[in-house]
Amino acid sequence: MAGLWLTVAAAAMAADAPSPAATKPQDPEVVGVETAVLTDAPNVPPALTRKNPTKVIVSLEVQEVTKRLADGVEYVFWTFGGSVPGKFIRIREGDEVEFHLNNHQNNKMPHNIDLHAVTGPGGGAASSFTAPGHSSQFSFKALNPGLFIYHCATAPVGMHVGNGMYGLILVEPKEGLPPVDREFYVMQGEFYTTGAYGEEGLQGFDMNKATDERPPYVVFNGAVGSLIGDNALKANVGEKIRLYIGNGGPNLSSSFHIIGEIFDSVYQEGGTVASQHNVQTTEIPAGGAAMVEFKVEVPGTYVLVDHALFRAFNKGALGMLKVDGPQNLLVYSGKEVDAVYLGKAMVGSDTERTIASLKAQVKEEISSNPKIAGLTKEIQIQKGKSVYMQTCFVCHQPEGQGVPSQIPPLAQSDFLAGKDKDNIIRGILEGRTGEISVNGKTYNGTMIPLAYLSDEQVANVLTFVRNNWGNNADAVSSQDVAKIRHEVPPPPAKSSFE
């Protein structure tokens, strides 16, 4: 049936493809020829300075590659250029584009390309259906300026896109775009793996999850952590930044937001006119794009998220923008007052236990899984770092420094050093409320329970925290966590109205 589907699709596209002309007409406006500069995300080719349209040669190679999706998780990505998203293409309004699509001989599938910037059948798909070991060529004139998605359109289209076959092409308007100090390329996409989020090993594509729109992963730039830590976007105070944001989908819309920033201008739906100003969150549909511009006024780490927040903190749609430079206390002072406040006692103190239900418990397989059973302390630390950067760093900060007078530090923490493992594990699973003393300072707050983390995740993140930033302690095992988890009372039973 799949073969019939491909045959019918290829025949339909061939029928739509124009017949080769005996003599291709010359465009009198086009002057010269150049090869397009293509870049991998998050980098963007330099702005175009020429004032006339030219002939631009674009060559993309389709590669089916096995790469990292998350720590310990691999996936066979179908790509334009070897990475997800595909190469960023930058041309000018009026350019004549000669496009070459090359399907590597080691690939297993035929592919094509649909560029939303193309005026013509299938956006080029009708002329670019290419078998492994073959190359196709077609040309188009960039009639409309804007930021456009491109993607594979070979059947089943959703599967090709869901495996990573998408990217952005910018058609600059004739007059150019307003100058900025830095430009970055960010694309969101979903991955429908056979295993759950974080399940290790080589994962396959799950068509049922894709059809039901239930992705275990929603990520920026093709992988969990692709824009975190050393991979974070970087800028300096006072700089104006433009983000080219795309949403490959194939199913979900994105509620794109940067925590701590306001978009000065938003070019909605990839258009070339700033249609909104002073925007907090902008919606980007599947198969759509947007440009956002903003100036960074204050140093610090700004977090990029899909504001459908479980996607950000539980599925991977999270990144960082690190801004260096002098403080500006007129714009943002930091915490100025930390006074005691005693409000009216609230009813229902067990609410937090309900929020942190144990539904996400992972079945213990230590005895039957030698790969996990044989984890060394060093491997645990590396895995724990991934959990920390996905779950904990927003509150406790990337280097464990906490928030003065509000969230206690984990770095060089006498609290961690003075507590036994059971007490610390219990705090993760049950949460903690009330006063604690850390490094001679008193903190009075609430840490929500994180019982949705698996035993392995809790063990790894605690091993990471207890052996970084000046801390030194023995490893925490999954068995240690399982023992304490069984002591934690279950959440209240649901009522008949839930």
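Author: Two strands count as paired if DSSP finds at least two bridges between them. In general, the strands of a sheet pair through backbone hydrogen bonds, either parallel or antiparallel. The model shown here is predicted. In it, strand β10 (residues 182-191) and strand β14 (residues 240-249) pair in the parallel sense over eight bridges. As for individual residues, Q188 has N247 in β14 as its bridge partner.

Reader: In what order do the six strands of the open sheet lie?

Author: The order is β12-β10-β14-β19-β16-β17, with mixed pairing. Because β12 (217-220) and β17 (276-279) each have a single partner strand, they stand at the edges, and one side of each lacks a neighbour in the sheet. From one strand to the next, the twist averages 25 degrees.

Reader: Turning to the helices, at what angle do α11 and α12 pack?

Author: Helix α11 (residues 455-465) packs against helix α12 (residues 478-485) at about 120 degrees, and their axes are 8 Å apart. The crossing of α11 past α12 is right-handed. On the α11 side, D455, E456, V458 and A459 take part, meeting S478, V481, A482 and R485 of α12. The residues of this contact comprise four nonpolar, one polar and three charged.

Reader: Which residues of α12 are buried?

Author: Burial here means under 20% relative accessible area. By that criterion, S478, D480, V481, A482, I484 and R485 are buried in α12. Since six of its eight residues are buried, α12 is largely enclosed by the rest of the structure. The cover over the buried residues of α12 includes α10 (421-430) and α11.

Notes: Residues are numbered from 1 along each chain as its sequence is written. This is a predicted model: local features need pLDDT of at least 70, side-chain atom pairs count only at pLDDT 80 or more; totals for chains, interfaces and linings use all residues. Side-chain values use heavy atoms; hydrogens and water are left out. Axes are lines fitted to C-alpha atoms, for helices over the stretch in contact, and angles run from 0 to 180 degrees between N-to-C directions. Helices (H or I, at least four residues) and strands (E, at least two) are DSSP runs, numbered from the N terminus. A crossing is left-handed if the near helix is turned anticlockwise from the far one by less than a right angle, and right-handed if clockwise. Contact means heavy atoms within 4.5 Å. Ala, Val, Leu, Ile, Met, Phe, Trp, Tyr, Cys and Pro count as nonpolar, Asp, Glu, Lys and Arg as charged, and the others, Gly among them, as polar. Buried means under 20% relative accessible area, exposed over 50%, partly exposed in between (1.4 Å probe, protein chains only).
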